[in-house]
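Reader: Hi! I have a model open on my screen and would like to talk it through with you. Could you take a look?

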Amino acid sequence: MESACEWFQWLSIRLKCIVPHLRFLKNALKTERESYLPKRTLDGQAEGQQRLRLEALVTERELVSQKAEAFFEDLWKQGDPWAFETSDFERDKYARQLAILQGHRYERVLEIGCGNGCFTRLITGIADRVVALDISPTAIAQARQAAARSEATDFRIANIMDYDLRAEGPWDLVIMSETICYLGWLYSLFDVAWLACQLLSATSAGGRLLMANTCGGVEDYLLRPWIIRTYRDLFLNVNYGLEAEEIFYGTKNGVDIEVLISLFVKPSNEDAGTNK
Ligand SMILES: C[S@@+](CC[C@H](N)C(=O)[O-])C[C@H]1O[C@@H](n2cnc3c(N)ncnc32)[C@H](O)[C@@H]1O
């Protein structure tokens with residue numbers, strides 16, 4: 001630079017080029033933070049508008065929860081909608097699920113969407129303590145009645161999407177059978193993926209996750225093989241390893257059905273932050 005004047009000219013040109021990029025970066029970061037943390041206090045001139053938008057999102061989610069509770073409560077009020085207590089197919093499927101878990105004893109177990117607790121009762125043989133939750137109060141009432149008094153099992157009315165997974169964890173075994181298809185039906189892909197990620201964080205190192213999902217034979221859009229395999233892959237993507245997997249074949253109400261049973265394990269060197 002020959003003079004101070006030229007030097008200032010050079011600097012001002014450079015700053016003009018850089019400033020829009022910095023502004024873009026600042027806005028991008030702000031948008032990302034806000035979309036992931038809806039309850040966070042916002043600042044800036046669009047605060048009022050943003051808050052309204054975010055409050056609307058929270059309300060929308062609450063509405064989904066209400067819809068879920070009403071839907072499943074309505075079903076369970078009709079009795080045992082999937083015939084879990086009486087169906088040979090369900091009995092044999094539970095036996096396969098239990099067999100895949102054998103060989104280990106689990107200290108703390110979480111069952112998500114336990115329904116009337118048929119599988120929960122089988123799990124108590126290999127677990128020290130089980131928290132089994134379901135969104136339907138009627139399902140939980142049935143489960144409590146059928147289980148008689150058991151200190152080891154705690155049946156709870158709760159929506160898994162609002163449940164604090166870490167508060168009582170870490171879990172040595174998480175069970176979620178024939179339930180994720182309903183989460184995917186009512187909640188966004190992001191919400192289901194976030195749950196998968198939170199489950200990994202709340203699973204103890206070396207702990208397991210068992211999923212069993214109907215994926216063939218039943219004419220139901222929620223149970224299409226490609227969506228069921230997508231849920232399975234989601235758990236691999238958040239960093240669970242696949243320890244065992246099999247297809248259970250059975251017949252229910254004259255229909256030949258396939259169920260994908262997957263046992264995932266959290267790698268023992270996994271730390272809660274690596275999937276962020
Ligand atoms: C098909 S049943 C499976 C019951 C049980 N897992 C079994 O295999 O015997 C699905 C269960 O998930 C429950 N459910 C659905 N959405 C839920 C949610 N968001 N939170 C907790 N439970 C839920 C339903 O009430 C229902 O009992």
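Reader: Is threonine 179 buried or exposed, and why?

Author: Threonine 179 counts as buried because 20 other C-beta atoms lie within 10 Å. The cut-offs are 20 or more other C-beta atoms within 10 Å for buried and 12 or fewer for exposed, with partly exposed in between and C-beta atoms placed from the backbone. Bear in mind that this is a predicted model: local features need pLDDT of at least 70, side-chain atom pairs count only at pLDDT 80 or more, and totals for chains, interfaces and linings use all residues. Residues are numbered from 1 along each chain as its sequence is written.

Reader: Thanks! Where is threonine 179 found, and what is it in contact with, leaving aside its neighbours within four places in sequence?

Author: Threonine 179 sits in the loop between β4 (171–177) and α6. Helices (H or I, at least four residues) and strands (E, at least two) are DSSP runs, numbered from the N terminus. Beyond neighbours within four places in sequence, threonine 179 is in contact with Ile112 and Gly113; contact means C-beta atoms, placed from the backbone, within 7 Å. The C-alpha atoms of threonine 179 and glycine 115 are separated by 9.5 Å, although these residues are 64 apart along the chain.

Reader: Switching to the ligand: how many residues surround it, and which are the closest?

Author: There are 22 residues around the ligand, and the closest are Phe72, Gly113, Gly115, Ile135 and Ile160.

Reader: Nice. In what order do the strands of the sheet come?

Author: Seven strands make an open sheet with mixed pairing, in the order β3-β2-β1-β4-β5-β7-β6. Two strands pair if DSSP finds at least two bridges between them. The edges are β3 (153–157) and β6, each pairing on one side only.

Reader: And how do β6 and β7 pair?

Author: Strands β6 (residues 241–252) and β7 (residues 255–265) are antiparallel, with eleven bridges. Glutamate 246, for one, has isoleucine 261 in β7 as its bridge partner. Their hairpin has two residues between the strands, and asparagine 253 takes a positive phi near 50 degrees there.

Reader: What about β2 and β3, parallel or antiparallel?

Author: β2 and β3 run parallel, joined by five bridges. Valine 130 stands opposite threonine 153 in β3.

Conventions. Near = placed C-beta within 6 Å. Contact = placed C-beta atoms within 7 Å.
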